[in-house]
Amino acid sequence: MLDVRAILWLENYLQTWPSTILVVSHDRNFLNAVATDIIHLHSQRLETYRGDYENFIKTKEERLKNQQREYEAQRQYREHIQVFIDRFRYNANRASQVQSKLKLLEKLPELKPLEKEPEVVIRFPDNFEKLSPPILQLSELDFSYSSSSSIFRNLSVSADQDSRICIVGENGAGKTTLLKLLLGDLTPVQGIRHAHRNLKIGYFSQHHVDQLDMNVCSVELLAAKFPGKPEEEYRHQLGGYGISGELAVRPVASLSGGQKSRVAFAQMTMPCPNFYILDEPTNHLDMETIEALGNSLNKFKVMLIGCVCAVGWAVCDGGGRAV
């Protein structure tokens, strides 16, 4: 939830800290700046690596390649021995050799295939309905929470169907307030909000937990939100975001922060919106899921996406021009 200025301060501060620090983070740059050792938790075990995150990625890939080569070599050696045994099993003259090979085969370590972490794939369903502009527009808008301080004055902003807009600013600058004005959740003091009559907005809140019922499982959550569909459809929707099998029937409250985010994505995309507003969607996601989310948004065709990250101010339209 920190903005970039705060993250940079924390990085510099921790680099001079004289004692041990143990940190869990999904921020690649932060880990490269701070970490001297990486502990990788996977497959119910820990593996340690010296160096920063980039060195961890490089070393892990080399280790996996070596493990795969070792596995293949052992498998081929076993197959070679087994071919000899099968060929001369009933040959009396080779009986002693066959027995020797059988004992050798029994003494070989058990082969375990390489455990690869599953690839994370996120898909935003395309909605190809063409909408004529203006799609969503704020014109000469003023807004304040109190009469003593104004958040926006004479604000005008608009988006087209091919827009990819990122709103950046320090914590407390008003990014979420702007999104709520775009959504129509807040009423401006003056000015006009115009939305196309066929506009379907998918909204991901930075406080997305507030959008989820913690007392039910993910399947029941979607069934309550979008009733009348077979259970298989709800499970398929959740599975597209990595919530499958036993996870789909566990209470939402028992899921991790990143898993709750995936449930929120599944809920948001179920009605196939043609405009997305994402308020700091990567906060609880691991690096693999963040990359999958970025790939999905880049592949999302024609329609609109609004994104928020916590850095200094800039708003651009689809062509990269300041608005």
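Trainee: What should I know about the model before starting?

Mentor: It is predicted, so local features need pLDDT of at least 70 and side-chain atom pairs count only at pLDDT 80 or more, while totals for chains, interfaces and linings use all residues. Residues are numbered from 1 along each chain as its sequence is written, and side-chain values use heavy atoms, leaving out hydrogens and water.

Trainee: Which residues of helix α6 are buried?

Mentor: In α6 (residues 218–225), they are Ser218, Val219, Leu221 and Leu222; buried means under 20% relative accessible area with a 1.4 Å probe, protein chains only. Helices are DSSP runs of H or I, at least four residues, and strands are E runs of at least two, numbered from the N terminus.

Trainee: Where do those buried residues lie around the axis of α6?

Mentor: They fall within an arc of 160°, so they line one face of the helix. The arc is that of the directions from the helix axis to the C-beta atoms.

Trainee: What covers them?

Mentor: The cover of the buried α6 residues includes α7 (231–239) and α8 (257–269).

Trainee: How many residues does the largest nonpolar core have?

Mentor: It has 30 residues. Such a core is a set of buried Ala, Val, Leu, Ile, Met, Phe, Trp, Tyr and Cys residues joined through side-chain atoms within 4.5 Å.

Trainee: Which helix supplies the largest share of this core?

Mentor: That is α8, with five residues.

Trainee: And is there a second core?

Mentor: A separate core of 21 residues includes Phe152, Leu155, Ala159 and Leu179.

Methods: Buried means under 20% relative accessible area, exposed over 50%, partly exposed in between (1.4 Å probe, protein chains only). Contact means heavy atoms within 4.5 Å.
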